[in-house]
Every structure is written in C-alpha cells, then in structure tokens.
Amino acid sequence: MDFVKKHIVEPGSTVGLKTIDTEPDGPFEDKQEAYEFTADTIEKMRELQYRLHVEGKQSLLIVLQAPDAAGKDGVIRKVLGHLNTQGVRTFPFKVPTEIERAHDFLWRIHQCTPGAGQVSIFNRSHYEDVLVVRVEDLVPKSVWSKRYEMINQFELLLAENGTRILKFYLHISPAEQLERFKERLDRPEKHWKLNLGDYDARQQWDAYREAYETAFEKCSTKAAPWFVIPADKKWYRNAAVSAIVCQTLEQMDPQFPEVDVDLDQVRKRYEDELAQLDDDA
C-alpha cells in the first residue's frame, strides 16, 4: 500500500476529520504483521538517514501534531527514536517563554530547524499559533488568521534551502483518548502525564477539529504536505509514519560523498602498518 497517497492531504483540498476513520483499514492481516513491517521499514530508514547525515547536503523536518494521548511521544520513541542520534534532534514546543513572546511567533521555531545533514523532530510546533491561540482566544482573529500564509512562506523558505518537510496529524477518537487517559490513571509510572487541562480540552473537541481542518486546508502544500494518520491503533500509526518517512528519504536519495583520497595509497599504508606490527611481534 502507498501510505503517502492514502494519508496525504492534497494541496487545496477540503478536509473533514469526521469523515476520516481513526481505525486502520489495511493492509495488514494483524498487528504482528504490522510490527514486522515497521521493524523492516525502520532498518531501511536508519540506513537512509545515515547516508543523509554523511552526505551533509539535505535535511528533514518532521512535525507531529495531535490531541493529547494520540501518540506523539510514542512515535518518537518507537519509530523515530531508532534513528542515529548524532544527526537527530527533538524539540518539544511548550507554552512560549517571556523571551519567546517578545519576538514574532516563528522566532523560536526557526532556531530549531535542521541544518544540512540533520533531522529535526517537532513535538508540537508553529501550528500551535493557529490552533491553541485560535480555540482559546489568546489573540484576535485579525492576528492568527494572517499566520497561515506566514507559515507557508516560512516552510517554502526551508524547502528551497534543501529541507524536506513532513507534517503528521495523529487522528485519534474521543473514546480512544479517554481510554488512554484511564491508562495513565491506572499506571503509576504514567501519573506524571496527568493534567486536568487535558480534560478541559475535550470540551473544545469540535473547535480544535475545525482549527486543524483549516490548518490542513490552508497549509498542506507541495513543499510541506500534511498527513492524517489513523492513531487509535498504535501499531498502524507507527507503521504508517515509518513508511512515509522511509519513502521520503528514498526520494531524497542521499549519497555517500565521493572519496577524495587515493585508495591505493591508503591501502598500501595500511599494509605497511600491518607488516610492521607483525615484525614487532
């Protein structure tokens, strides 16, 4: 199955999240098959990311957005966490600090974009400034409504400088989210995640859905597409994200740098050093 084609938000299209199932509908017979697929895909992804890092010319930005408990941390841990950490950085964007609020809304974001050969993972992102601020009425509509085009121009700037951008929305149902909230209550090691604000956000579910739909419609572009990933089943979520990241890296086709040394000379030096060791022994 072509996961890119299945889950991409085509530029200019209208999105209705109510019509998109949060349950997977293929291509796996069971979760074990999905686990095996994901493991194989991650191995390919690791090799491609290593080449990306060594090549040092292109970069990849992965944006994760979702309601609470949809699995942003899980995707980072189970999928993206297998990448070579020398070339990967993760940025969890929380409530802006006083210094960040003193700048434009993209100031703190731009500092975290990936350099050549690097991968940046955003756990939440610049899209909070057209989601939370809109739903919670933190700034006037006259302010946040202008940000969609600013975001598009910002992402186009990154793309034109060699950064591929993938934006994932993890699409979870209210019922599954509540089940995961229960798991946090039942497991002491997850108590640190408990937050009454998560329950308050559930009361704004429809408003957040509409805000996401607008963001997808206005900001899914050829340079920076959005993908809506069914997230009720963690095994499908991970398989889909790994497949899309891997396919993107394949399209980027990073190459090892050309050798700029005389291999025969290096080989002779090695053989001389090895012979010296044998003589000393």
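**Terms first.** I take helices (H or I, at least four residues) and strands (E, at least two) as DSSP runs, numbered from the N terminus. My model is a predicted one, so I note that local features need pLDDT of at least 70, side-chain atom pairs count only at pLDDT 80 or more, and totals for chains, interfaces and linings use all residues. Residues are numbered from 1 along each chain as its sequence is written, and side-chain values use heavy atoms, with hydrogens and water left out.

I looked up the second largest pocket and got a volume of about 270 Å³. Of its 17 lining residues, the closest to the centre are Val-4, Ile-8, Arg-164, Lys-222 and Pro-225. For the record, a pocket is an open set of points on a 1 Å grid over the protein atoms alone, with protein on both sides within 12 Å along at least five of seven lines, and lining residues have an atom within 4 Å of a point. Points are joined across faces, edges and corners, and the volume is the space filled by probe spheres set on them.

Which element gives the most to this lining? I found that β5 does, with four residues. Both β5 (163-171) and α12 (234-252) supply at least two. By class I get nine nonpolar, five polar and three charged residues. Here Ala, Val, Leu, Ile, Met, Phe, Trp, Tyr, Cys and Pro count as nonpolar, Asp, Glu, Lys and Arg as charged, and the others, Gly among them, as polar.

Where does Gln-58 sit? I found Gln-58 in the loop between α2 (31-55) and β2 (59-65). Leaving out residues up to four places away in sequence, Gln-58 touches Leu-52, Gly-115, Ala-116, Gly-117, Gln-118, Gly-162, Met-252, Asp-253 and Pro-254; contact means heavy atoms within 4.5 Å.

Terms used
1 Å grid on protein atoms, 1.4 Å probe; cavity = no way out; pocket = protein on both sides within 12 Å on 5 of 7 lines; lining within 4 Å.
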